[in-house]
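Colleague: Please take me through the assignments in this model and state the grounds for each.

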Amino acid sequence: MKIKMIAVDMDGTFLNDKKKYNVSRFNKLFKQLQEKEIAFVVASGNQYFQLRTFFPRNYKNITFISENGANILIGDQPFYNAELPKNIVMHTLNILDKLEPINLIVCGKKSAYILEDATVEQISNAKFYYPRIKVVKSWNELLNENDTFFKFALSFDPSEMTEKLTMLQITLKGSLIPVSSGHGDIDLIILGVNKYTGLKLLGKKWHISDSEIATFGDSGNDLEMLKHTKYSFAMENAQEQIKKAANSIIGSNNSEALLDTIESIINGNN
């Protein structure tokens with residue numbers, strides 16, 4: 001087994017339910033990954049500025065496929081970002097208004113955006129995943145923002161999740177792809193943009209094939225990268241479709257099964 005890249009989802013995968021991980025153990029493993037020249041990639045639906053806070057010591061040596069593939073940075077250096085024209089952004093917002101999400105965030109390269117009529121709790125929760133977020137009075141303010149937009153993040157009651165996901169798939173067909181990111185959250189990403197397309201771009205840059213990549217995930221937005229890489233691992237707590245797509249199932253995100261697997265990769269990567 002010769003693995004040259006490891007890509008991990010964060011929520012429900014790398015992080016436990018308390019949004020923590022064994023930092024000291026990971027730092028030791030990360031040093032070994034660097035020595036073995038194995039790239040470590042964080043692949044998440046969250047904002048880059050949030051993701052790097054989990055790795056204050058190492059983030060400049062980690063690559064981030066953030067916003068479900070729409071914004072990629074190598075360390076702190078921009079590598080790729082997708083882009084939605086503002087007229088498409090506004091048209092989509094009109095459609096979403098009719099579906100009445102509990103919360104709605106528009107994601108841009110410089111910042112995320114949320115309406116001021118969101119509750120204090122909603123804004124607080126949004127700030128956890130999107131530390132750089134701007135509160136706006138109206139979505140029309142986005143027309144005057146000097147930013148690049150590439151994703152929408154929605155929240156629904158978990159009991160409505162299947163219904164809303166189906167409605168979005170029908171309504172937005174051909175323009176945006178709705179993907180479940182777990183716990184009633186849905187991301188709308190640009191057609192042809194996902195975590196796996198991000199891995200492909202990096203693989204091309206670093207001359208790494210799909211058969212040399214290990215991926216870890218638990219939710220719908222991990223599907224493509226697990227399905228198309230040779231060494232794919234679903235967490236025990238993963239959605240059923242993710243378990244079916246992966247080549248292996250390991251322990252839950254509340255165990256250290258992911259770090260155990262990385263350690264096995266390092267030891268077997270001769």
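Colleague: Why is asparagine 68 called buried?

Modeller: The relative accessible area of asparagine 68 is 1%. Buried means under 20%, exposed over 50% and partly exposed in between, with a 1.4 Å probe and protein chains only. Asparagine 68 is therefore buried. This is a predicted model, in which local features need pLDDT of at least 70, side-chain atom pairs count only at pLDDT 80 or more, and totals for chains, interfaces and linings use all residues. Residues are numbered from 1 along each chain as its sequence is written, and side-chain values use heavy atoms, leaving out hydrogens and water.

Colleague: Where is asparagine 68 placed, and what is the phi of asparagine 68 near?

Modeller: Asparagine 68 lies in the loop between β3 (63–66) and β4; strands are DSSP runs of E with at least two residues, and helices are runs of H or I with at least four, numbered from the N terminus. Its phi is near 55°, a positive value in a residue other than glycine. Most residues other than glycine have a negative phi.

Colleague: Why does asparagine 71 count as buried?

Modeller: Asparagine 71, in strand β4 (residues 71–74), has 7% relative accessibility and so counts as buried. Beyond its neighbours within four places in sequence, asparagine 71 is in contact (heavy atoms within 4.5 Å) with residues including Tyr48, Phe64, Tyr80 and Phe150.

Colleague: What makes lysine 19 partly exposed?

Modeller: Lysine 19 has a relative accessibility of 26%, and therefore counts as partly exposed. Lysine 19 is in the loop between α1 (10–14) and α2 (23–35), and its phi is near 65°, a positive value.
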